[in-house]
Amino acid sequence: MGNLKYSYQTNMWGLKVQYPQLTNWDEWYKGDFSNAVYYLDWDQIIKYHIGAGFTGIELMFHMEPYIRQFFGEAKKFTEFVKKRGIEEVTGTFAIAFNSQDKSKFNEALQPLDAIADFTKELGGHRINIMPCGGYYGLGPLDKEQIQNAAHFMNEFGKRCAEKDIIPCVHTEFWGSINKDELERYIEHIDQKYVGFCLDTAQVSILGFDVVKFYDTYHDFVKYFHLKDTTFPNSPDELRLCAGAEFQDNGDRWFWELGSGAVDFVGLWKLLKKYEYKGWIGLETDGTPDPMATMLLSKYYINHVLHPIYE
Amino acid sequence: MKFGCSLEMVNMLTSGPNFIYKQSKGFWVEFFKYVSAVGFKGIELPFNPYNSDPMAFETGRCGIPCNAVAVRSKYGSPEEFLAMLKEFGIEEVTSVHVNANDAMLEVVAAARAAEDYYELFRDMCLQAIDHLISLQGKGLVISPTPEIGWLEAMFKGDLDQKFTDKTVEILSEVVEEAEKKGIQVALKTEYWSLFRGNKMAKLLERVRGSYLCPDLAHMQIAGDPTTVVVNAHKHQVAYMRLSDTAFQDSFNNWKKINAEIPVEGPQKVFCDLGEGTVDLLSAVQVLKDNNYDGWVICEQKKTLDVYRGLLKLGWFVQHKIVEKLR
């Protein structure tokens with residue numbers, strides 16, 4: 001057995017996977033004769049993950065209501081995916097809206113408590129969480145707002161600990177905890193209750209050297225979102241505008257591992273040095289072809305990274 | 001009579017390759033050109049102003065022109081948006097579509113009280129009027145209730161009394177406000193609506209000044225004789241929705257949450273025009289015979305390939321509707 005196990009965020013398949021399981025493939029395929037039918041239900045998508053060697057999955061916060069509506073209870077979704085070979089729903093993704101505003105503390109906690117309950121029901125142990133709202137319309141945050149946001153996360157972390165969950169701060173290049181705020185934010189974080197999800201592309205787009213970042217914060221990093229980018233150290237005007245995540249020209253921010261500027265080889269040497277063990281997540285939202293991206297990423301892991309550390 | 005295209009044919013709430021590209025302005029700019037290329041001069045836009053519902057949050061902050069914020073932040077201003085459409089050959093935003101189900105999803109997502117639905121729905125409709133005016137459109141198409149499944153779950157009471165009365169009150173206010181601004185309000189049929197079947201006729205009677213937007217696929221699924229109903233209401237039809245289906249609701253999905261995504265039995269609810277069993281031509285013929293001179297809005301709802309679906313739509317409307325009309 002190796003030290004690393006791989007999970008994959010499911011947000012690359014769609015905002016919503018409409019069907020739990022198709023009842024009649026031909027209803028969609030006959031007459032259409034395209035590949036669309038391969039992407040319409042959880043049943044098939046989970047099998048792609050297993051086939052490619054990813055035995056964990058993650059869910060986005062916006063999938064929660066649909067999981068509940070279609071599977072009745074979150075744990076039934078977990079039973080559904082485990083039956084198909086998934087070992088663990090490793091976690092979820094959420095956003096700490098209004099965390100910078102002390103006066104909205106309780107209001108802001110409410111949806112996150114619900115996500116924590118959802119995560120626990122799924123059997124997950126981490127919530128990858130954007131530490132505050134988006135930069136556009138909110139940033140730049142002042143010193144007090146950054147402290148408030150960190151305090152909020154610490155309190156949320158304590159509540160999560162009761163559920164055997166750790167929130168892992170997941171910075172976004174378009175978030176209000178941005179390049180100039182991130183390290184000051186981390187200073188205020190209680191690492192007993194809160195971890196960091198190192199999203200290699202997001203951190204790189206912000207302008208950090210991913211390898212140096214991990215070297216500095218390896219004790220704080222409890223999880224990863226591995227993905228590549230061709231936009232390292234991206235300028236403010238691209239990162240901080242309205243709807244920055246969706247480039248107006250349709251270009252993509254994120255790529256499969258090995259297709260961009262992230263130094264995964266350097267990172268893997270540090271994983272070996274610090275003896276990282278456990279789940280590692282991949283997230284390749286934005287790909288035009290999730291199946292191809294998943295397989296290309298796994299090829300890169302097997303043939304480039306595993307010879308260094310696995 | 002003119003034929004417009006509903007941009008709700010681009011189904012954002014599904015899974016498939018390259019779905020994220022459809023959230024970029026770049027996709028929509030190209031798609032508008034294609035809409036014009038297949039012959040449509042008018043488009044109907046969806047409208048959703050919310051951001052607590054996570055799906056609305058995702059779709060409302062990108063290049064999908066589904067609310068005033070999106071139009072301003074991604075296209076500059078309503079004027080610039082319209083100028084771009086005109087440059088591409090689209091002459092008009094005919095209408096925007098407000099779906100009461102979106103207000104209910106906001107209530108659920110924000111963990112608000114069920115009673116808050118009314119104010120949200122009212123506010124959503126009024127915002128849509130302003131949005132429509134900014135886009136120089138003339139039609140506000142309203143799906144008047146959330147899914148029955150949601151109503152049963154959230155209100156649990158006598159939907160035919162208080163909920164209906166309150167809905168009539170809100171819609172009447174919206175119609176009054178719209179009329180002042182030269183906007184026509186058309187109430188759209190859905191097979192999962194509280195006002196399915198002949199209840200819609202009663203609603204139209206109570207909401208004075210409202211028009212009927214017959215969504216033909218929805219009507220057929222609900223068991224309504226489409227041509228008969230269109231004929232019965234031919235003087236009050238506006239923005240009729242050409243949509244097709246071969247679906248039979250044998251598992252009573254109309255009563256369930258997510259009625260358009262069946263879990264049991266047949267699952268494909270809508271199909272491309274001409275591939276279902278709805279008598280589309282007869283419904284349009286009724287309007288022509290009545291000298292209808294407004295827009296008919298065409299929609300390949302949930303088509304699997306929006307580019308191919310659009311080409312098929314353009315061909316179908318021209319060759320199987322326009323050229324066949326007597």
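Predicted model: local features only at pLDDT ≥ 70, side-chain atom pairs only at ≥ 80, totals over all residues.
Setting aside residues up to four places away in sequence, A:Thr55 touches A:Lys5, A:Ile50, A:Gly85, A:Ile86 and A:Glu87. For a sense of distance, look across to A:Arg126: A:Thr55 and A:Arg126 are 71 residues apart in sequence, and their C-alpha atoms are 16 Å apart in space.

Let's stay in chain A and turn to a helix. Helix H6 (residues 143–161) of chain A has 19 residues. From its first C-alpha to its last, H6(A) reaches 27 Å, close to the 27 Å expected at 1.5 Å a residue. Among the buried residues of H6(A) are A:Ile146, A:Ala149, A:Met153, A:Phe156 and A:Cys160. An α-helix has 3.6 residues a turn, so residues three or four places apart point the same way. What do the buried residues of H6(A) pack against? Their partners are helix H5 (105–122), strand E4 (126–130), strand E5 (166–169) and helix H7 (182–187) of chain A.

H5(A) and H6(A) pack at an angle of about 40°, and their axes are 11 Å apart. The crossing of H5(A) past H6(A) is right-handed. On the H5(A) side, the residues that meet H6(A) are A:Phe105, A:Ala108, A:Leu109, A:Leu112, A:Asp113 and A:Ala116. On the H6(A) side, they find A:Phe152, A:Phe156, A:Arg159 and A:Cys160. Sorted by class, the residues of this contact are 8 nonpolar, no polar and 2 charged.

Now let's cross over to chain B. The contact between the chains takes 35 residues from chain A and 36 residues from chain B. On the chain B side, helix H1 (25–37), helix H2 (54–60) and helix H3 (68–75) each supply at least two residues. The side of chain B that touches chain A has 17 nonpolar, 12 polar and 7 charged residues.

Inside chain B you can trace an open sheet of 8 strands, in the order E6-E5-E4-E3-E2-E1-E8-E7, with parallel pairing. Strand E6 (211–213) and strand E7 (240–242) stand at the edges of this sheet in chain B; each has a single partner strand, so one side of each is left without a neighbour in the sheet. From one strand to the next, the twist averages 30°.

Let's zoom in on some of these strands. Strand E1 (residues 2–6) of chain B pairs with E2(B) in the parallel sense over 2 bridges, and B:Cys5 stands opposite B:Ile43. Strand E2 (residues 42–47) of chain B is mostly covered, with 6 of its 6 residues buried. B:Gly42, B:Glu44 and B:Pro46 point one way from E2(B), while B:Ile43, B:Leu45 and B:Phe47 point the other way. Further along, strand E3 (residues 92–99) and strand E4 (residues 139–143) of chain B run parallel and are joined by 5 bridges. In that pair, B:His97 has B:Val141 as its bridge partner.

Chain B has a helix H6 of its own, at residues 116–134. Its 19 residues should span 27 Å at 1.5 Å a residue, and its end C-alpha atoms are 27 Å apart, which agrees. The buried residues of H6(B) include B:Tyr117, B:Leu120, B:Phe121, B:Met124 and B:Ala128. Among the elements that cover the buried residues of H6(B) are E2, E3 and E4 of chain B, strands that belong to the sheet.

We finish in a loop, as we began. B:Gln300 lies in the loop between strand E8 (295–298) and helix H13 (306–321) of chain B. Is B:Gln300 buried or exposed? B:Gln300 has 28 other C-beta atoms within 10 Å, so it is buried. Beyond its neighbours within four places in sequence, B:Gln300 is in contact with B:Met9, B:Asp272, B:Leu273, B:Gly309 and B:Leu313. B:Gln300 and B:Asn11 are 289 residues apart in sequence, and 9.8 Å apart in space from C-alpha to C-alpha.

Conventions:
Residues numbered from 1 in each chain as written. Chains lettered and ligands numbered in written order. Contact = placed C-beta atoms within 7 Å. Helix = DSSP H or I, 4+ residues; strand = E, 2+ residues; numbered from the N terminus. Nonpolar A, V, L, I, M, F, W, Y, C, P; charged D, E, K, R; others polar. Expected span 1.5 Å × (residues − 1). Buried ≥ 20, exposed ≤ 12 C-beta atoms within 10 Å, placed from the backbone. Pairing = 2+ DSSP bridges. Axes fitted to C-alpha atoms, helices over the stretch in contact; angles between N-to-C directions. Left-handed = near helix turned anticlockwise from the far one by under 90°.
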